[in-house]
Amino acid sequence: MHFVLDLFVCGAQPRHRCWGSHVPDPFVKKLIQQSQEAKQAAYCPYSKFRVGAALLTLDDCVITGCNVENACYNLGICAERNAISKAVSQGYRSFKAIAIASDLEEQFISPCGGCRQFIREFGSKWDVYLSKPDGSYLKMSVDELLPVSFGPEDLSMKKVLAIPHEA
Ligand SMILES: O=c1ccn([C@H]2C[C@H](O)[C@@H](CO)O2)c(=O)[nH]1
Ligand SMILES: [Zn+2]
């Protein structure tokens, strides 16, 4: 099997290249690299804790995000939620994976509870890659990160993920 190695950060037009739910290792490495690049843009003057996220859409676009803090501390947004909000605002609602990067050398960055719920909104079967600056990673499913979760299905909102023009 042949895989094209580079993933692009896309604009509004999704590209159509799929390989199912299994993301081959070189692509995971690239996605982690992109989350590390996204981390460079973190706006975190208060915590000084930089986080980046790279989201891989079902049609193989990569949307990135970083944490953005605020002088009104509680208004800060995490990198994961930033990336997901960016993706949704560009019309993406189906995701294969999200990679998360921080500067913690000794442990894999782990999403906060709020982000776990935010990620879970878009399915419980996709992959979350928790990484370290050296590129090593821990792969976890959304289900593992947030077991026995509450989601749109519990509100009988089966069509909630459909893009409006497809609904
Ligand atoms: O997974 C995480 C954990 C923390 N942060 C941010 C929130 C805040 O800006 C800073 C310190 O918690 O890191 C994220 O963006 N993602
Ligand atoms: Zn969070």
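Which residues point one way from β4, which point the other way, and are they buried or exposed? Before I answer, let me say that what we have is a predicted model, in which local features need pLDDT of at least 70 and side-chain atom pairs count only at pLDDT 80 or more, while totals for chains, interfaces and linings use all residues. Residues are numbered from 1 along each chain as its sequence is written, and chains are lettered from A and ligands numbered from 1 in the order in which they are written.

Now to the strand: Asp127, Tyr129 and Ser131 point one way from β4, Val128 and Leu130 point the other way, and all are buried. Buried here means that 20 or more other C-beta atoms, placed from the backbone, lie within 10 Å of a residue's own, whereas 12 or fewer counts as exposed and anything in between as partly exposed. Because five of the five residues of β4, residues 127–131, are buried, the strand is largely enclosed by the rest of the structure. Strands are DSSP runs of E with at least two residues, helices are runs of H or I with at least four, and both are numbered from the N terminus.

Turning to the neighbours, β4 pairs with β3, residues 95–102, in the parallel sense over four bridges, where pairing requires that DSSP finds at least two bridges between two strands. Within that pairing, Ala99 has Tyr129 of β4 as its bridge partner. With β5, residues 137–141, β4 pairs in the antiparallel sense over five bridges, and there Asp127 stands opposite Ser141. The hairpin of β4 and β5 has five residues between the strands, and Gly135 takes a positive phi near 95° in this hairpin.
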